[in-house]
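Reader: I am new to this structure. Please take one part of it and walk me through that part closely. Which pieces of the wider picture should I hold in mind as I look?

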Amino acid sequence: MRPRQPLGLHIYSPNLGYQEKTLVDKNKHDHSAIYYYPGYFRAKLLIDSQVVKTHDVQIATDGWLCLIENGDRPLYFDRSDFEKQGLIEIDESTLKNII
């Protein structure tokens with residue numbers, strides 16, 4: 001009888017900032033991840049490709065969030081860079097400084 005392979009525990013959350021499966025140490029009780037975009041997500045715990053648990057995650061913002069998509073990680077603007085006199089705008093000099 002062949003010994004059973006160790007279980008493959010993975011966390012998967014299908015969203016823009018966290019699409020890959022992440023291997024989880026079966027001996028640990030916590031796992032953290034970075035969500036680069038606000039929104040509502042459903043993280044899944046998989047064992048050998050079977051979903052065994054789901055967890056809802058909501059990433060909120062305090063008002064508007066301004067960013068530029070930049071590959072895997074977006075570039076964020078400070079609120080003072082885009083909120084001006086009750087309007088939302090980005091001026092050319094701010095864009096040149098962040099890019």
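**A close look at one hairpin**

Author: Start with the contacts. Residues 24 or more positions apart account for 31% of the contacts with a separation of 6 or more in the protein chain. Keep in mind that this is a predicted model.

Now the outline. The protein chain holds 2 helices and 8 strands. Read from the N terminus, the order is β-β-β-β-β-β-α-β-β-α. Of the 99 residues in the protein chain, 20% are buried. The accessible surface comes to about 8,100 Å². Carbon and sulfur atoms supply 50% of that surface.

Strand E3 covers 39-47, and strand E4 covers 50-59. The two strands run antiparallel. They are joined by 9 bridges.

Next, go to the turn. The hairpin has 2 residues between the strands. Asp 48 sits in this loop between E3 and E4. Its phi is positive, near 50°, and Asp 48 is not a glycine. Most residues other than glycine have a negative phi.

Gln 85 lies between strand E7 (83-84) and strand E8 (87-88). Gln 85 also has a positive phi, about 55°, although it is not a glycine. Gln 85 counts as exposed, because its relative accessibility is 83% and the cut-off for exposed is over 50%.

Thr 22 belongs to strand E2 (residues 22-23). Thr 22 and Leu 46 are 24 residues apart in sequence. In space, their C-alpha atoms are 9.9 Å apart. Thr 22 is partly exposed, because its relative accessible area is 24% and buried means under 20%.

The protein chain averages a pLDDT of 78, and 80% of the residues score at least 70. Confidence is highest in helix H1 (residues 79-82), at 89. It is lowest in strand E1 (residues 9-12), at a mean of 56. Over residues 1-7 the pLDDT is below 50. That stretch has 3 contacts in the model beyond near neighbours in sequence. Where pLDDT is low, the predicted coordinates should not be read in detail.

Key
Residues are numbered from 1 along each chain as its sequence is written. This is a predicted model: local features need pLDDT of at least 70, side-chain atom pairs count only at pLDDT 80 or more; totals for chains, interfaces and linings use all residues. Side-chain values use heavy atoms; hydrogens and water are left out. Helices (H or I, at least four residues) and strands (E, at least two) are DSSP runs, numbered from the N terminus. Buried means under 20% relative accessible area, exposed over 50%, partly exposed in between (1.4 Å probe, protein chains only). Two strands pair if DSSP finds at least two bridges between them. pLDDT is the predictor's confidence in each residue, from 0 to 100. Contact means heavy atoms within 4.5 Å. Accessible areas come from the Shrake-Rupley method with a 1.4 Å probe; for residues, only the protein chains shown count as cover.
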